[in-house]
Amino acid sequence: MPKGEGKVVAQNKKAYHDYFIEETYETGMVLQGTEIKSIRNGRANLKDSYARVHNGEVFLYNMHVSPYEQGNRYNHEPLRTRKLLMHRREINKLIGYTKEEGYALVPLKVYLKNGFAKVLLGLGKGKKKYDKREDLKKKEAKREIERAFRDRQKI
């Protein structure tokens, strides 16, 4: 199965608006028991989340996983920092990239693959305001072309 495929639980659509995504990495997550149950119910949110390399390990910050309803006292903290599982050479590569100016590690989506929760992590270079405007213009032009084709098909 190619990376990024499986049952998508959460997606960060704003990441493609704010960054040029150059490379993607499929990573596993270290989770507690109630977290994986909550993720399987589709209760995860990637808004405002980011990843960072710290002491040779990759961590995911600000990912919100809602508490599990039947979790009682064993429930987890919703915004806790989660460790991501990657190969050493991939982490070393990311360390080199993130030291450069303007690069960031952005979680693109959380999905379930073969029963495991995975995160698709993107290496993004920040967009300037004029880049965002240009993308919106392209998107609007594409929408207009599709609308015109659809109207022409009806005739």
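Reader: How many salt bridges does a search of the whole structure find?
Author: In this predicted model, a search of the whole structure finds ten salt bridges. In one of them, the side chains of Asp 18 and Lys 132 meet at 3.3 Å, N to O. Because Asp 18 lies in helix α1 and Lys 132 in helix α4, this pair ties together parts that are 114 residues apart in sequence.

Reader: And what does Glu 35 form a salt bridge with?
Author: Glu 35 forms a salt bridge with Arg 82, and the closest N and O atoms are 2.9 Å apart. This pair also links distant parts of the chain, with Glu 35 in helix α2 and Arg 82 in strand β7, 47 residues apart.

Reader: Is Glu 35 buried or exposed?
Author: Glu 35 is buried, with a relative accessible area of 0%, and Arg 82 is buried as well, with a value of 0%.

Reader: Switching to strands, which way do β2 and β9 run?
Author: They run antiparallel, and nine bridges join β2 to β9; in β9, Gly 122 is the bridge partner of Thr 24. β2 also pairs with strand β7 in the antiparallel sense, over two bridges, and there Leu 84 in β7 is the bridge partner of Met 29.

Reader: Which residues touch the most other members of the largest nonpolar core?
Author: That core has 25 residues, and those touching the most other members are Met 29, Ile 39, Met 63, Leu 84, Val 110 and Leu 121. Among the elements that give two or more residues to this core are β2, α2 and β9.

Reader: What lies apart from it?
Author: Another core, of five residues, lies apart from it, and its members include Ala 15, Leu 108, Tyr 111 and Leu 120.

Technical notes. Residues numbered from 1 in each chain as written. Predicted model: local features only at pLDDT ≥ 70, side-chain atom pairs only at ≥ 80, totals over all residues. Heavy atoms only, no water. Core = buried A, V, L, I, M, F, W, Y, C linked by side-chain atoms within 4.5 Å. Buried < 20%, exposed > 50% of the residue type's maximum accessible area, 1.4 Å probe, protein only. Helix = DSSP H or I, 4+ residues; strand = E, 2+ residues; numbered from the N terminus. Pairing = 2+ DSSP bridges. Salt bridge = Lys/Arg side-chain N within 4 Å of Asp/Glu carboxyl O.
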